[in-house]
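Please open the structure in a viewer and keep the selection tool at hand.

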Amino acid sequence: MRPTLTLLPLLLCSIFLLRTIKLVTKVSTSPHQTHYSKDFSISFNNGCNLFQGKWLLEEPSSRPLYTEQSCPYLTRQVTCRKNGRPDSVYQKWRWKPYSCNLPRFDALMLLHSLRNKRLMFVGDSIQRTQWESMVCLLQSAVPDRKKKLVYREPPRKVFLAKDYNASIEFYWAPFIVESNSDHATKHRVQKRMVRLDSISNHSRQWEGVDVLVFESYVWWMYAPLINATIGSQEMKEYDVPTAYRIALKTWTDWIESTLNPQTQKAFFMTLSPTHLWSWEWGGGRIENCHNESYPIKGPFWGAGSSLEIMGAVKDAVRRIKRINVTILNITQLSEFRKDGHTSVFTERRGKLLTREQRAEPNVYADCIHWCLPGVPDTWNEILHAYLIYQNTD
């Protein structure tokens, strides 16, 4: 009996080691293995600024991270190649922060971190494009039978990764606070009116969401003045920066009173730049982003990007004390990308531009929205870095 008792622990230990080796082998050969970068984690948490850097074109290129053909969730508005854009270099630029290397987007790792959670993008059509980008980046790691676009009625869109019980959501709120433009498809464009102290109709949809990503800019900038109300006061005209600050105060009050700092995270995306006037970067005859194929190399800040609005966001977030809201300052890195817009390779009012309309890019080119794959993928790589690596060892 004694030799048997002596060998029993050794036998159990051998079985355990054998099973461990098999498990490690299985994980290492998985088609969706994760790649945690300890070097980046240390650099990031020691202060690497992800928003200061340059765009690199590498050969062979590691981009795009997905294709129009591989992602069935892209809307026609953003599929520029499918819509006739002849060049594809705009898909291949990689953002390189000066003081560290942004890790490659790891869909499986992010899905693990979002298990049993909700990630919601809140804003306008720019934010909807970021939602589409995030869905495309994640869906490749989810088997076809385990993913579904479960809701697509205005003002929400919801993508569900079933195995993780993780939802990636978009909620239309172009001003964050309430307005007469709150229907995602039937909204006012010219006669805009904003209720600067009203947010409850929107915020009840945000309650309990684990990760909230807010954005609001372009809709404010239609004109220098905007019609708005506060409480029961009659509607009057406000200059846009003043109205924007009042709206952000309403938003920060909700953040302070509602979010749980232990279980919820909030981000605010800074303004997405436009490239409407090519004379700003020394462009040619057509005075917008059309036919641009390469980023701006030198220092550049477009006239369409309001420093006053940027300052309002920083001031508002600085006043929040109970919960940490992270500003994702994507403006400067996007300023360089005059080549990334949909231009004439998009749709207007639900219809692709005609050949005649494409022949008039000075009238019809869209230099506000972005092609996918493209610049918004980098925004999501940065968001991915914050969600995976922030405050880790």
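On a 1 Å grid over the protein atoms alone, a pocket is an open set of points with protein on both sides within 12 Å along at least five of seven lines, whereas a cavity is a set where a 1.4 Å probe fits but cannot get out; lining residues have an atom within 4 Å of a point. A volume is the space filled by probe spheres set on the points. The model is predicted: local features need pLDDT of at least 70 and side-chain atom pairs 80 or more, while totals for chains, interfaces and linings use all residues. Residues are numbered from 1 along each chain, and side-chain values use heavy atoms, without hydrogens and water.

Select Q77, S125, H187, D366 and H369 first: these lie nearest the centre of the largest pocket, which 47 residues line. The volume of this pocket is about 1600 Å³.

Next, select residues 240–258 and 307–318, helices α6 and α7, whose axes lie 10 Å apart at an angle of about 25°. Helices are DSSP runs (H or I, at least four residues), and strands are runs of E (at least two). The two helices are therefore roughly parallel (an angle under 35 degrees).

Notes. Axes are lines fitted to C-alpha atoms, for helices over the stretch in contact, and angles run from 0 to 180 degrees between N-to-C directions. Angles under 35 degrees count as roughly parallel, over 145 as roughly antiparallel, 65 to 115 as roughly perpendicular and the rest as oblique.
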